[in-house]
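Me: I would like to learn how to read salt bridges in a model. Can we go through this one?

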Amino acid sequence: MSRLPIEHGREVILHFTIKLTDDSVADSTKMSGKPAKFRVGDGSLTENFEACLIGLKAGDNREFELAPEDAFGMPNKDNYYQVETTKFTEGRPEEGQIFTFPQPDGTELPGIVRSINEQFVTIDFNHPLAGQRVRFAVEIIEVTP
């Protein structure tokens, strides 16, 4: 097993678990049994998350906590949109329900229903963990150049 330290430009394979402050698990690669793979600096992780990993090596296990602004950011009011209730043809949406909305490039953008009135449904397109303090537990599997 290679003992290269994690640094900018290196490829990393790891398992991670994202926990909220109440210890509930928001996401985990261990649930699927498939570790995550990324290259440090490629933009797939925030700089703050990457900074916590710098220097770790294969076999290392760590847990660290990030403030909302260092993890998924704070909710942005510009990411709330009002959609006419008539656009929801498959029954009345409920608060907390998640819908996906097709984008011009063919991807799907998830949004959470935050409020409903007779005319409009307010959809929140912020990351679901925006505004949350989170704890990341990581198990470094492999680091390659």
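Reply: Start with a group of charged residues. In this predicted model, a network of salt bridges links Lys19, Asp23, Glu63 and Arg135.

Me: What counts as a salt bridge, and how many are there by this rule?

Reply: The rule asks for a side-chain nitrogen of Lys or Arg within 4 Å of a carboxyl oxygen of Asp or Glu. Applied here, it gives nine salt bridges.

Me: How far apart are the closest N and O atoms of Arg135 and Asp23?

Reply: They are 2.4 Å apart in this salt bridge. The pair links distant parts of the chain: Arg135 belongs to strand β9 (residues 134-144), while Asp23 sits in the loop between β1 and β2 (25-28), 112 residues apart.

Me: Are Arg135 and Asp23 buried or partly exposed?

Reply: Buried means under 20% relative accessible area. Arg135 has 15% relative accessibility, so it counts as buried. Asp23 has 47%, so it counts as partly exposed.

Me: Which residue forms a salt bridge with Glu11?

Reply: Arg39 does, with the closest N and O atoms 3.6 Å apart. This pair also joins distant parts of the chain, from Glu11 in strand β1 (residues 11-20) to Arg39 in strand β3 (residues 36-39), 28 residues apart. Glu11 is partly exposed at 21% relative accessibility, and Arg39 is partly exposed at 34%.

Me: What is the case for Glu7 and Arg10?

Reply: Glu7 and Arg10 form a salt bridge, their closest N and O atoms being 3.6 Å apart. Glu7 is partly exposed, with 37% relative accessibility, whereas Arg10 counts as buried at 17%.

Conventions
Residues are numbered from 1 along each chain as its sequence is written. This is a predicted model: local features need pLDDT of at least 70, side-chain atom pairs count only at pLDDT 80 or more; totals for chains, interfaces and linings use all residues. Side-chain values use heavy atoms; hydrogens and water are left out. Buried means under 20% relative accessible area, exposed over 50%, partly exposed in between (1.4 Å probe, protein chains only). Helices (H or I, at least four residues) and strands (E, at least two) are DSSP runs, numbered from the N terminus.
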